[in-house]
Amino acid sequence: APGFTFHFPGQPPLDAEAFPHLVDSFYGAFPDLCHKIEFQLAEGDFVAVRLNAVGTGSYPYECINVLA
């Protein structure tokens, strides 16, 4: 969508071009990643999503110690 922006704690906002790279890196670090949408809210052009993601870390990802 035009103007798409993804916000993730500890990361700069991502546009539609950068977002797939984040997704690829998550699935690289967490090969069995599963996520469930817990809540979704939309108003006008804004959408907020709360999701629960669970996976087994295969190597350290950014500032998250997935092997601890």
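Some ground rules come first. Residues are numbered from 1 along each chain as its sequence is written, and side-chain values use heavy atoms, with hydrogens and water left out. As the model is predicted, local features need pLDDT of at least 70 and side-chain atom pairs count only at pLDDT 80 or more, while totals for chains, interfaces and linings use all residues.

**Fold**

The protein chain has 1 helix and 4 strands, and along the sequence they run β-β-α-β-β. Helices (H or I, at least four residues) and strands (E, at least two) are DSSP runs, numbered from the N terminus. Of the 68 residues, 13% count as buried. Buried here means under 20% relative accessible area, exposed is over 50%, and partly exposed is in between (1.4 Å probe, protein chains only).

**The largest pocket**

Rolling a probe the size of a water molecule over the atoms shows where empty space is left. On a 1 Å grid over the protein atoms alone, a pocket is an open set of points where a 1.4 Å probe fits, with protein on both sides within 12 Å along at least five of seven lines; lining residues have an atom within 4 Å of a point. Grid points are joined across faces, edges and corners, and a volume is the space filled by probe spheres set on the points.

The largest pocket comes out at about 850 Å³. Its lining has 24 residues, with F4, F6, H7, F19 and V49 nearest the centre. β1 (5–6), α1 (19–29) and β4 (46–54) each supply at least two lining residues, and β4 gives the largest share, with 7. By type, the lining splits into 18 nonpolar, 4 polar and 2 charged residues. Ala, Val, Leu, Ile, Met, Phe, Trp, Tyr, Cys and Pro count as nonpolar, Asp, Glu, Lys and Arg as charged, and the others, Gly among them, as polar.

V47 sits in β4 and counts as exposed because its relative accessibility is 57%. L51, also placed in β4, is partly exposed at 44%. E38 belongs to β3 (residues 34–43) and is partly exposed at 40%. In helix α1 we find F26, which is buried at 16%.

Here are some C-alpha distances for these residues:

| Pair | Separation in sequence | C-alpha distance |
|---|---|---|
| F26 and G57 | 31 residues | 9.4 Å |
| E38 and L51 | 13 residues | 5.0 Å |
| L51 and Q40 | 11 residues | 8.6 Å |
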